[in-house]
Amino acid sequence: MTIKRIHSGKRISRVVVHNGIAYLAGLQALKSRGGTVAEQTEDVLAMIDRLLGEAGTDKRHLLTATIWLADIRTAEEMNQVWDEWMPEGCSPARATVEGKPASAEHSVKIAVTAAVID
């Protein structure tokens with residue numbers, strides 16, 4: 001049984017791959033911290049693309065997504081960016097909920113799992 005950890009530190013690994021599944025930690029915007037929900041969503045989805053690539057997969061193989069919004073009323077703004085990003089026919093099982101962010105500068109947090117491409 002092999003467990004691969006990517007961008008691993010003392011407290012968190014950004015990605016853990018085990019048994020053909022890539023588990024991404026919850027990600028928040030870095031470049032657009034304090035920006036609009038759309039900007040933060042774009043930032044987080046770009047990070048997801050990069051990390052999935054490092055894990056040997058991509059967004060077409062997503063299994064689940066959990067999205068936390070500081071204000072659930074911004075869901076449509078986030079969904080517009082998500083819908084442009086997600087390839088047709090590849091949508092994962094997904095939950096979107098309101099949750100208090102770690103800082104006032106963050107409005108969006110996303111965690112995903114994906115099947116690793118053979």
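Visitor: In this predicted model, which residue lies over the face of W82, and at what distance from the ring centre?

Guide: A charge counts as sitting over a ring if CZ of Arg is within 6 Å of the ring centre and within 35 degrees of the ring normal. The residue placed over the face of W82 is R94, and its distance from the ring centre is 5.1 Å.

Visitor: How many aromatic pairs does a search of the whole structure find?

Guide: Rings of Phe, Tyr and Trp are taken as a pair if their centres lie within 6.5 Å. When the whole structure is searched, the number of aromatic pairs found is one.

Visitor: Which element gives the most to the lining of the largest pocket?

Guide: The space in the largest pocket comes to about 200 Å³, and its lining is made up of 13 residues, with R14, G26, L27, Q28 and L30 lying nearest the centre. At least two lining residues come from each of β4 (27–28) and α1 (37–55). With three residues, the element that gives the most to this lining is α1.

Visitor: How do the residues of that pocket lining divide into nonpolar, polar and charged?

Guide: In this division Gly is counted among the polar residues, a point that bears on G26, one of the residues nearest the pocket centre. The lining of the largest pocket divides into four charged, four polar and five nonpolar residues.

Visitor: Is T113 buried or exposed, and which side chain does its own side chain join in a polar contact?

Guide: T113 belongs to strand β7, which covers residues 108–115. Because buried means under 20% relative accessible area, T113 counts as buried at 15%. A polar contact of 2.6 Å joins the side chain of T113 to that of T64.

Visitor: Is R11 buried or exposed, and how far apart are the C-alpha atoms of R11 and Q28?

Guide: R11 is located in the loop between β1 (3–8) and β2 (13–18). Since exposed means over 50% relative accessible area, R11 counts as exposed at 82%. Along the chain R11 and Q28 are 17 residues apart, and the separation of their C-alpha atoms is 16 Å.

Methods. Residues numbered from 1 in each chain as written. Predicted model: local features only at pLDDT ≥ 70, side-chain atom pairs only at ≥ 80, totals over all residues. Heavy atoms only, no water. Phe/Tyr/Trp six-rings, centres within 6.5 Å; stacked < 30°, edge-to-face > 60°. 1 Å grid on protein atoms, 1.4 Å probe; cavity = no way out; pocket = protein on both sides within 12 Å on 5 of 7 lines; lining within 4 Å. Points joined across faces, edges and corners; volume = space filled by probe spheres on them. Helix = DSSP H or I, 4+ residues; strand = E, 2+ residues; numbered from the N terminus. Buried < 20%, exposed > 50% of the residue type's maximum accessible area, 1.4 Å probe, protein only. Polar contact = N/O pair within 3.5 Å; in protein donor to acceptor, adjacent residues only side chain to side chain.
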